[in-house]
Amino acid sequence: MARLARLDLQPDERERLALQLGLVLEYVGRLAEVDLEGVQPDVPVRTNVFREDQPDRPLSPEAVLANAPARQGDYFRIPRILEED
Amino acid sequence: MHRLAAHQLLPRLRDRQLRARDLLEQALGRIGRLEPTLHAFLHLQADQARAQADRIDAELDAGRDPGPLAGLPVALKDNLCLQGMPTTCGSRILESFVPPYDATVVRRLQAAGAIVVGKTNLDEFAMGSSTENSAFGPTRNPWDPGRVPGGSSGGSAVAVAAGMVPLALGSDTGGSIRQPAAFCGVCGLKPTYGRVSRHGLVAFASSLDQVGPLARDVRDCALLLGVLAGHDPLDSTCEDRPVPDYPALLERGVEGLRLGIPRAFLQGLEPEMATSFEEATEALVGCGARLVDVDLPHLEYALPAYYILAPAEASSNLARFDGVRYGLRVSGPDVAAMMRRTRAAGFGAEVKRRIVLGTYTLSAGYHEAYYSRAQKVRSVVSRDFQEALARVDLLVLPTTPIPAFPLGEKTADPLDMYLSDVYTVGVNLAGLPGLSVPMAPVRGLPAGLQVIGRAWDEGRLLACGQALQSVRPYHLAQPQAALFDGGMA
């Protein structure tokens, strides 16, 4: 799971997390008691509020790149991309 | 001056008995004296605030109206973006991040003449109930610095409770405005989902998050909500509905209103909290309300559903913190290693727990058993609320099962910490508004009455809070004496 979530965990961290999440999963497992026959999994978010898709003034590349950990010209610079094992 | 509410300061500012600059200097002085004990703030901008205060004074001197909050110092929870000031979310991963734009609520505050003095401490990415999960150290409760202020908007609640600023903004995903308001003896409102824009709020769980006010009393909450609420084209969940004149609705009272109490859900409440709650509801009866027992049979499942849904959404929302575009980067031999190392170094323990939990409950094979089931439970919890609120006008219950707990008491046991949200999370699942107002102290510590209403009915919640305050003015109690005398409650 940690790998899926792109997190490097130390062995002791992994052990503690497994224990704590075991307890949390046991607790949330109580949901199995609820009779959900015929219930739809809807989210009570009421509406999507749409607007006209019109161009607005964007942020300048300089403003956006000011926070970049590494940049090259107007691009974010990242290490090379290799296949994961 | 630190004892006055915003609505008491405003007329003094308008008739020039009080200058915005003087009010600001008093606020900054008080912050300077109390910060070493309380640590409510992560960033301050004294010089910019002074320039703004001088500009507001010039406008007021010239007889112009700089807006409904003109000259009032405000604090922002540090998950709201203000151009040019760091937005850390209480996390190492955003320690160096300075947003290039303002949150919509920040623009609204500024347009109303408010003066942002700084950003307040929070649990990392708003995940927590004590403000102990901040990477920059905990905030302490002004009523007893050995206790937590609640969370995640703990810094904002403390800034108001300690008289540093009259108004502050928080965000509430599972109780993060109401619970610290209750722990610190101030008022806090979580508005209806869609009432206030989240543009520029760093997302935690997008189907639950709302921005809302923390203030010394209900009238100030109404005043601030009126400035924050309203449509924003930059947030597609923010609805285009008229914004009522909330302060004008305050005096409607509770005469003839039916207040529902979910008695079965409150079984096992500690006796002192139960006594405080009974006293508050009896006071409302004295104001003309009628109490009705209501049944919300699925409310006890709101908390476990929340702790599936919120981490699931968080695991997705926090995927953006990958060391590529902003924030921390820890280098690695390839891009995947860079991301894993960055996130390992940048996130704290609670955030990692929730990311891994959310990744698990969303993963193939477990999605149905956890995430889908929790979404269905969310439906039945919402239905319970709708049915109850069809029979009664408002629901009332304590905001929290216990008052503020000692620092460190729950940090080793995440589940125990989660349980402190038991009375607040249902409101977020159902998208409803919830208000916390001070009721009688419990063992010398502040406690909150939570008022819950129908969607978009904030005016009625506020009127109920105002009714309670007018007969039980617990909001006027001040913690500062203990701090200045060196005594610790």
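The radius of gyration is taken over C-alpha atoms, and the rule for a globule is 2.2 Å times the number of residues to the power 0.38. In this predicted model, chain B has 489 residues, so a compact globule would come in near 23 Å; the chain has 21 Å, which agrees. Along its principal axes, the C-alpha trace spans about 65 × 55 × 50 Å.

Buried residues make up 62% of the 489. Taking contacts between residues at least 6 apart in sequence, 76% link residues at least 24 apart.

The largest nonpolar core holds 164 residues, and the members touching the most others are B:V74 and B:I115. Helix α10(B) is the top contributor to this core, giving 10 residues. Leaving out residues up to four places away in sequence, B:I115 touches B:V74 itself, along with others including B:L24, B:I56, B:L72 and B:P73.

Helix α10 of chain B (residues 302–317) also packs on helix α12 of chain B (residues 349–362), with an angle of about 100° and axes 7 Å apart. Angles of 65 to 115 degrees count as roughly perpendicular, and α10(B) and α12(B) are therefore roughly perpendicular to each other. On the α10(B) side, the contact is made by B:I308, B:P311, B:A312, B:A314 and B:S315. Helix α12(B) brings B:R354, B:I355, B:L357, B:G358, B:T359, B:T361 and B:L362. Sorted by class, this contact comes out as 7 nonpolar, 4 polar and 1 charged residues.

How values were computed: Residues are numbered from 1 along each chain as its sequence is written. Chains are lettered from A and ligands numbered from 1 in the order in which they are written. This is a predicted model: local features need pLDDT of at least 70, side-chain atom pairs count only at pLDDT 80 or more; totals for chains, interfaces and linings use all residues. Axes are lines fitted to C-alpha atoms, for helices over the stretch in contact, and angles run from 0 to 180 degrees between N-to-C directions. Helices (H or I, at least four residues) and strands (E, at least two) are DSSP runs, numbered from the N terminus. Angles under 35 degrees count as roughly parallel, over 145 as roughly antiparallel, 65 to 115 as roughly perpendicular and the rest as oblique. Two residues are in contact if their C-beta atoms, placed from the backbone, lie within 7 Å. Ala, Val, Leu, Ile, Met, Phe, Trp, Tyr, Cys and Pro count as nonpolar, Asp, Glu, Lys and Arg as charged, and the others, Gly among them, as polar. A residue is buried if 20 or more other C-beta atoms lie within 10 Å of its own, exposed if 12 or fewer, and partly exposed in between; C-beta atoms are placed from the backbone. A nonpolar core is a set of buried Ala, Val, Leu, Ile, Met, Phe, Trp, Tyr and Cys residues joined through C-beta atoms within 7 Å.
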